[in-house]
Amino acid sequence: MKQRDDWHLTDVLEYEHGRGDPFAAAVRATRMPMVITDPGQEDNPIVFCNVAFQELTGYSRAEIVGRNCRFLQGPETDPAGVAQVREAIATGSDIGIDLLNYRKDGTTFWNALYMSPVRDKAGKIQFFFASQMDVSDRVAAQSALNDQKEIVEREVVRRTADLRAALDAKDILLHEVDHRVKNNLTMIGSLLRLQVRTIDDPSVALKLDSMLERVDALAVVHRQLYQSSDIGRFDIGSFSENLVSDVVGSSGRSDITVDVEAQPLFVDAANASALGLIINEILTNAVKHAFDDGRSGRLSLMVSGGEDHGIIRICDDGPGMPSTKRSKSIGTALIARLAKQARAEATWHDNQPGTCVTITFPREDTRT
Amino acid sequence: MTRVMEVLIVEDEMLLAMDIEAMVEDSGHHVLAEAASLQEVKDLPEDLNPQLAFVDIHLANNSNGFDVSLYIQTHWPNAIIVFVTANVSKIPADFLGAHGVIAKPFSHAGLVNAVNYIASGMFDSPPNVPRPASLITSPRLDQRWTERAS
C-alpha cells in the first residue's frame with residue numbers, strides 16, 4: 001500500500017512545486033492532460049487530474065476528482081468506442097482510441113485517449129493512468145479528406161459510366177458501319193456477277209471479269225480485317241495464300257500447280273487494300289497471260305519478312321510478257337500507283353522461263 | 001450416277017439469292033427452291049429433299065438462319081447446311097448442327113470452290129479436292145465424309 005500512498009502525495013505536491021517526487025511533479029506540470037483513476041474504489045473514480053486536464057475540459061479540480069470518466073461523454077459520443085474502453089478496463093489491458101467528448105460548456109472535442117493499467121509487484125491493478133489530447137483538428141482534417149475522397153470517387157464512378165456508355169455507343173456504330181460495308185461489298189459483287197452473265201462480247205466480259213476479281217479481292221481484304229482480333233494490323237501472308245488458292249481455283253485450271261511458301265506477315269491495316277489489290281493484279285495476270293491457251297505450268301508464291309520490310313514474290317514459268325504490252329494494261333498502272341500509295345516497290349524480272357514480280361514494302365513496327 | 005446436287009437457298013436479299021443461284025447453276029447443280037424467311041421454308045413441300053442448303057443468318061420477318069437450320073435438320077436430315085453470313089462470330093462453336101459457314105462478302109471463287117468441294121465430298125466421299133479457305137467447316141462435315149466412305 002506504500003506505493004498507493006505515494007500517488008496520494010501528489011496532492012501535497014501542489015503546494016510544493018519542484019520538490020518531492022520528480023515524476024509526480026512532471027505529471028502535474030506537463031501540457032499533456034492526464035488523469036489517474038482508482039478501480040479499487042466504487043465506480044473507478046478519478047483520484048488525480050493535472051492542470052492541463054482541467055484546462056482541456058473546463059471543469060475545476062473539485063468537480064473532477066471523485067467522478068467516473070464517463071462524465072465527459074455526451075449524446076454524440078460513439079457507444080461502440082465507450083464499450084471498447086469499458087472492455088479494456090475489465091480485462092486490464094491498454095487502449096488507444098479517439099472519442100468525442102464534451103467540455104463543461106457543452107462544446108465538443110475529439111479526445112485521443114490513451115489508457116493503461118498500473119500494477120503492483122504482485123501484478124494487481126492499482127490504478128489506471130490516462131492521457132488525453134485534443135485532436136479535433138486532425139479529425140476534422142481527416143474527415144474533410146474523406147469527404148473530398150468520396151466526392152472524387154463519386155465523380156470517377158460517374159465519369160467512368162459516361163465513358164463506358166460512349167464506348168458502347170461507338171461499338172454499336174462501328175458494328176453497324178462494318179455491317180453496311182460488308183453488305184454493300186457483297187451486293188456490288190453480286191450485281192457485277194449478274195451483269196457479266198448477260199454480256200455476249202467476250203472482250204467486254206473479260207474486262208468485267210477483271211473488275212469483279214478486284215471487287216472480290218477487296219471483299220477478301222475486308223473480311224479478313226473484320227475477322228481479325230486486331231483491326232490495326234493485316235496479315236498479308238495468309239491473305240496472299242488464300243487469294244492464290246481462290247484465283248487458281250476459280251479459273252478452273254487444275255493443270256496449274258501452285259507452290260506456296262508463306263508465313264504470317266503483318267502490315268499496317270491502312271495499306272491492306274492497296275497491297276491486296278496489287279497481289280490480285282499480279283496473280284490474275286499470271287493465270288491469264290502466263291498460262292493462256294491452256295498451257296499448264298507452275299505458279300509460285302513466296303512470302304518472307306525482314307526486320308523492317310516484307311517481300312512477296314510471285315513467279316510463273318510461262319513465256320514471259322514483253323514490257324511494251326505490260327505497260328498498256330490497266331493492271332500495270334494499278335500496280336504502279338497503288339505501290340506508291342503503300343510505299344511499296346514492284347519489280348519485274350525474267351524467271352527463265354517466265355516472269356517474277358517482287359513486291360517490297362515497309363512493315364509495321366512490331367517491336368512496340 | 002448423276003453429279004448434280006439439289007440446292008436450297010435461304011436468303012432475304014434477293015440480289016444475293018439471284019447471284020448464289022447463278023453460281024450454283026453455273027457449277028452444274030440445280031436450285032430446287034429459294035426462301036427468304038423461316039415461314040417460307042416451312043411452306044416448302046415436305047418431299048423437297050435438298051442435298052445442300054445455303055442459309056443466311058439474318059432473314060425476313062424477324063426470322064433467323066439458326067431456326068431454319070434446325071427445321072431443315074428435322075425435315076430433311078440428309079441436307080448439308082452451310083451458313084452464308086456477315087456475322088460469323090454469332091455462330092456457336094457446335095454450329096447448332098449445321099456443317100459449315102461462308103463469310104460475306106463472298107467472292108465468286110470462294111463460293112464456287114465451296115460448292116465444288118461439297119459436291120466432291122457428296123459424290124466421291126471423302127472429297128478429292130482440298131477444302132477452300134472460304135469454307136469454314138464444323139467437325140460434323142468431316143464425320144459425314146467418313147460415314148459415307150465406310
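A nonpolar core is understood here as a set of buried Ala, Val, Leu, Ile, Met, Phe, Trp, Tyr and Cys residues joined through C-beta atoms within 7 Å. A residue is buried if 20 or more other C-beta atoms lie within 10 Å of its own, exposed if 12 or fewer, and partly exposed in between, with C-beta atoms placed from the backbone. This is a predicted model, in which local features need pLDDT of at least 70 and side-chain atom pairs count only at pLDDT 80 or more, while totals for chains, interfaces and linings use all residues. Residues are numbered from 1 along each chain as its sequence is written, and chains are lettered from A and ligands numbered from 1 in the order in which they are written.

The largest nonpolar core has 86 residues, and those with the most contacts inside it include A:Leu275, A:Ile278 and A:Leu283 as well as B:Val10, B:Ala53, B:Val82 and B:Ile102. Helix H9 (residues 272-290) of chain A provides the largest share of this core, 11 residues; helices (H or I, at least four residues) and strands (E, at least two) are DSSP runs, numbered from the N terminus. Apart from this core lies another, of 15 residues, among them A:Ile46, A:Leu56, A:Ile64 and A:Met115. In soluble globular proteins, nonpolar side chains tend to be buried together.

Two residues are in contact if their C-beta atoms, placed from the backbone, lie within 7 Å. Between the chains, 25 residues of chain A are in contact with 20 residues of chain B. On the side of chain A that touches chain B, two or more residues each come from helix H6 (136-196), helix H7 (202-227) and helix H8 (236-251) of chain A, and H6(A) gives the most, with 11 residues.

What remains is the backbone of chain B. Most residues other than glycine have a negative phi, and most peptide bonds are trans. B:Asn61, in the loop between strand S3 (52-55) and helix H3 (65-75) of chain B, has a positive phi near 55 degrees, and B:Asn61 is exposed, with 10 other C-beta atoms within 10 Å. B:Phe95, in the loop between strand S4 (80-85) and S5 of chain B, also has a positive phi, of about 55 degrees, but B:Phe95 counts as buried, with 21 C-beta neighbours inside 10 Å. The peptide bond from B:Lys104 to B:Pro105 is cis, with omega near -5 degrees, and B:Pro105 is placed in the loop between strand S5 (100-103) and helix H4 (108-123) of chain B.
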